Amino acid sequence: MDEYTNFIFDLKKRLDIDLTGYKRPQMERRINSLMRTLSIKDYDSFVSSMKQDGKLLERFIDHLTINVSEFFRNTQQWEVLDKKIIPMLLEKTPNLNIWSAGCSTGEEPYTLAMVLAEKIPKGKHSIIATDFDDLVLKKAIAGLYKPKVVSGIPAPYLKKYFNDVEGEYQANDALKSLITFKHHNLLRDAYPSQMDLIICRNVVIYFTEETKSMMYKKMFDSLKPGGVLFTGSTEQIFQARDIGFESSAVFFYRKPL
Ligand SMILES: C[S@@+](CC[C@H](N)C(=O)[O-])C[C@H]1O[C@@H](n2cnc3c(N)ncnc32)[C@H](O)[C@@H]1O
């Protein structure tokens, strides 16, 4: 067994972190760069240090994947969601169950919450937003963003849903109350069920093909009949038909009724 494989094995055994579903080259590069930054000389002492130091473990998880997000990321697809997909879902049920999986610092679920609040101001939807990185989840819950980050939010929405806090912008309580943030690891935790819409965008880039396919199958099972999975702008699901999805629009996959 080579050193990296041994490290992955050790992580699972001693820290209960399973990186077997991630593509090796990217993971190895990111892990090695963090070890260099922290002047940690070998995998063994890295695992031992993380076992003793919860903050280091948190930093390790935070470093594994890129957390970049944006409000209204790929605006055209949010238009399709707003104009076509949400009205279609609302024909079946007035209150939608929605899951933003891999929500990072919150831009995606806050975007969704604004879109829904505009459409149905008194709607009683459930939005859960999850990530396996507790550091990004803390930021998402705080909902505080720099002016540059909120530049993608239309001005009337910014005024209505955010407070100016010393030059930064914070999601107001009304907007925050629409979302429940939770820790969830897509590779090991049970998936929520009875979803009308799952948004999982720009999360699977690090996963092996086998892991992606397992994850999409589980998401299919999580959806109600007629429910829709919204993926990222470079994330076509090649085995969509085999899983059972039909296409609703580009990057929107529907579980048949
Ligand atoms: C690039 S961000 C995407 C954020 C947002 N969905 C978007 O498109 O703007 C990827 C997120 O996936 C999360 N992630 C990676 N592996 C995960 C896993 N196994 N379980 C849950 N979240 C994971 C990372 O922590 C990161 O916050």
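**Ligand contacts and a ring pair**

A nitrogen atom of the ligand is 3.5 Å from a polar backbone atom of Phe132. The model is predicted.

User: Which distances do Arg73 and Gly102 show?

Analyst: A side-chain N or O atom of Arg73 is 2.7 Å from a ligand oxygen. For Gly102, a polar backbone atom is 2.9 Å from a ligand nitrogen. The limit is 3.5 Å, so each pair is a polar contact. The protein buries 98% of the 610 Å² that the ligand exposes when taken alone.

User: Where does the ligand sit, and what surrounds it?

Analyst: The ligand is in the largest pocket. Around it are 22 residues, and Ser69, Arg73, Glu108, Asp131 and Asn202 are the closest. By class, this shell holds 8 nonpolar, 8 polar and 6 charged residues.

User: Why is the pair of Tyr110 and Tyr145 called edge-to-face?

Analyst: Two values describe a ring pair: the distance of the centres and the angle of the planes. Rings pair if their centres lie within 6.5 Å, and planes over 60 degrees apart count as edge-to-face. Tyr110 and Tyr145 have centres 6.3 Å apart and planes at 80°, so the pair is edge-to-face. The whole structure has 18 aromatic pairs.

User: How do you know that this pair links distant parts of the chain?

Analyst: Tyr110 is in helix H6, and Tyr145 is in strand S3. They are 35 residues apart.

Technical notes
Residues numbered from 1 in each chain as written. Predicted model: local features only at pLDDT ≥ 70, side-chain atom pairs only at ≥ 80, totals over all residues. Heavy atoms only, no water. Near = heavy atom within 4 Å. Polar contact = N/O pair within 3.5 Å; in protein donor to acceptor, adjacent residues only side chain to side chain. Areas by Shrake-Rupley, 256 points an atom, 1.4 Å probe, with all protein chains shown as cover. 1 Å grid on protein atoms, 1.4 Å probe; cavity = no way out; pocket = protein on both sides within 12 Å on 5 of 7 lines; lining within 4 Å. Sits in = over half its atoms within 2 Å of the grid points. Nonpolar A, V, L, I, M, F, W, Y, C, P; charged D, E, K, R; others polar. Phe/Tyr/Trp six-rings, centres within 6.5 Å; stacked < 30°, edge-to-face > 60°. Helix = DSSP H or I, 4+ residues; strand = E, 2+ residues; numbered from the N terminus.
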